[in-house]
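This report is written for a reader meeting the structure for the first time.

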Amino acid sequence: MADSSLIIDRIVIVGGGTAGWMAAAALAQAFEGAGKTVTLVESEAIGVIGVGEATIPEILKFNARLGIDEADFLRETKATFKLGIEFDGWRREGERYFHPFGVFGLDMEGIAFHHFWLKASAEGESEPLETYSMAWQAARRGRFVHPQGGPQSPLSSLGYAYHFDAALYAGFLRRLAEGLGVVRHEGRVVEVQQAADGDIAGVRLDDGRIVEGDFFIDCTGFVGLLIEQALKSGYEDWSSWLPCDSAVAVPCERKESLSPYTRSTAREAGWQWRIPLQHRVGNGYVYSSAHISHQQAEDALMSRLEGKALAEPRRLRFATGRRKDCWKRNCVAVGLSSGFLEPLESTSIHLIQSAITKLITLFPSHKDSEGLRREFNALMEEEFVTVRDFLILHYKVTQREGAFWQQVRDMPIPDRLAAKIALFEETGRIVRRDHDIFSESSWLAVAAGQGLTPHGRHPISDVISHDANLGRLSAIRDSIWRTADALPTHEDVLATTMNRKAF
């Protein structure tokens, strides 16, 4: 019979914000009726980072799992739809490409569409890859529609995510979580109390209260109050590959159209984001402080805003990398406490979601659960490494000028990414691992957009003649463009979905 002292009945989340309330809502729903309590401790005196306002399509699964109605979500978080990311100036100044949520073209003869695009290119006849993207053709027109239709419909290939106000999302989830029974304690943690065996036993707040638990979720941000300060997990630093170590963020009034995509613009020492929300635009400059001063970066961002700033700019410092163990003893780190990868591909909130989902799948019955810990840590390591390599690809393959860009272009890269690049250049093939969150189209969009040109392609592409191939490509292009022209505007779909007048 199991030792009752090892049974996990009391789950304590330390830290609020997006990570804390996502964890609280998901865990409370997952264990509803199971006799477990979920408690969250946070202090209003401690600010939250809250710059992660863009997401990838996986967020739809998280919201659906919580039973969140999309109309309510859009209204409550001032959200907009997102069809992908536009990369401006990343290959070289003045050039753009698009990473779409969705596929390119239509697979033919049992192989990926892009091999037929490569065939046309090799024969001197191709158009840009984005020509064959339903997501980009809709996005560049400022149009949107939910995925629909059969396999042959261009609209069936669409994927989408959201831009939203992270603080409003946290508040929205807090109301949901408290409705599911989550108890919130206001207070600043001044001591992490550990049992004789090293497990965390409780946290003491600044007013003297002690919140005890059996299992703890660390959502305390970069400081890692539980996972690092108390349990000494250790940190794997990846700044040699991703040297940006700072950011400055500020919201502003929107002057441009309400575009259904995120924009990432390469700058002198990093990159700038633009995230359009219903009520404002989120802006930020992620940069290397070794190549530009903090004040220069702030001045550069402020000078490039499209409208009036709505707040004072906030500066952030970070070290790119991950905790060596995201789950140590009876504590799991979620969000920034587990590591940080710059939000170039909008993966910050996804990594929160992924950790929560994996934790629920592997949640232990008892604190003595070494096998589950190992599996969780292995899965999170693979996820972090995959995102890391995808981000490095953006920096490594570039023709931009300047000291920062020269450094990242010349740096050695991880062997697995080097092998992926070499395989694509040699054969046009993209091989994904089991837990790769990025689709083949995603890797293709960035590799081709950054300027990688394969020397070969799949031999099956040659079963179609030159003229027949061009005919098929033209038919696919025309179908996509006609469909995009007929779509409703992004603003109209937002208004219709939320059942209110267009703004």
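Helix H1, which covers residues 17-30, packs with helix H6, residues 166-179, at an angle of about 25°, and the axes of the two helices lie 8 Å apart. Because angles under 35 degrees count as roughly parallel, H1 is described as roughly parallel to H6. The crossing of H1 and H6 is left-handed. On the side of H1, the contact is formed by Gly17, Thr18, Trp21, Met22, Ala24 and Ala25, while H6 contributes Ala166, Tyr169, Ala170, Leu173, Arg174, Leu176, Ala177 and Glu178. Sorted by class, the residues in this contact of H1 with H6 are ten nonpolar, two polar and two charged. The model discussed here is a predicted one.

Helix H6 also packs with helix H3 (residues 70-77), here at an angle of about 130° and with the axes 8 Å apart. That angle makes H3 oblique to H6, and the crossing of H3 and H6 is right-handed. The residues that make the contact are Asp72, Phe73, Glu76 and Thr77 from H3, together with Leu168, Tyr169, Phe172 and Arg175 from H6. By class, the contact of H3 with H6 holds four nonpolar residues, one polar residue and three charged residues.

| Helix pair | Angle | Axis distance |
|---|---|---|
| H1 and H6 | about 25° | 8 Å |
| H3 and H6 | about 130° | 8 Å |

Glutamate 298 has its place in helix H8, which runs over residues 294-303. Is glutamate 298 buried or exposed? Its relative accessibility is 15%, and since buried means under 20%, glutamate 298 counts as buried. The side chain of glutamate 298 is joined to that of arginine 315 by a polar contact of 2.9 Å. When residues up to four places away in sequence are not counted, glutamate 298 touches Val248, Pro313 and Arg315.

Serine 233, by comparison, is found in a loop, the one between helix H7 (225-230) and strand E12 (235-237). With a relative accessible area of 6%, serine 233 is buried. Which residues does serine 233 contact, leaving aside its neighbours within four places in sequence? Serine 233 is in contact with Ile227 and Glu228, and also with Arg323, Lys324, Asp325 and Lys328.

Technical notes:
Residues are numbered from 1 along each chain as its sequence is written. This is a predicted model: local features need pLDDT of at least 70, side-chain atom pairs count only at pLDDT 80 or more; totals for chains, interfaces and linings use all residues. Side-chain values use heavy atoms; hydrogens and water are left out. Helices (H or I, at least four residues) and strands (E, at least two) are DSSP runs, numbered from the N terminus. Buried means under 20% relative accessible area, exposed over 50%, partly exposed in between (1.4 Å probe, protein chains only). A polar contact is a pair of N or O atoms within 3.5 Å; within protein, one must be able to donate a hydrogen and the other to accept it, and residues adjacent in sequence count only if both atoms are side-chain atoms. Contact means heavy atoms within 4.5 Å. Axes are lines fitted to C-alpha atoms, for helices over the stretch in contact, and angles run from 0 to 180 degrees between N-to-C directions. Angles under 35 degrees count as roughly parallel, over 145 as roughly antiparallel, 65 to 115 as roughly perpendicular and the rest as oblique. A crossing is left-handed if the near helix is turned anticlockwise from the far one by less than a right angle, and right-handed if clockwise. Ala, Val, Leu, Ile, Met, Phe, Trp, Tyr, Cys and Pro count as nonpolar, Asp, Glu, Lys and Arg as charged, and the others, Gly among them, as polar.
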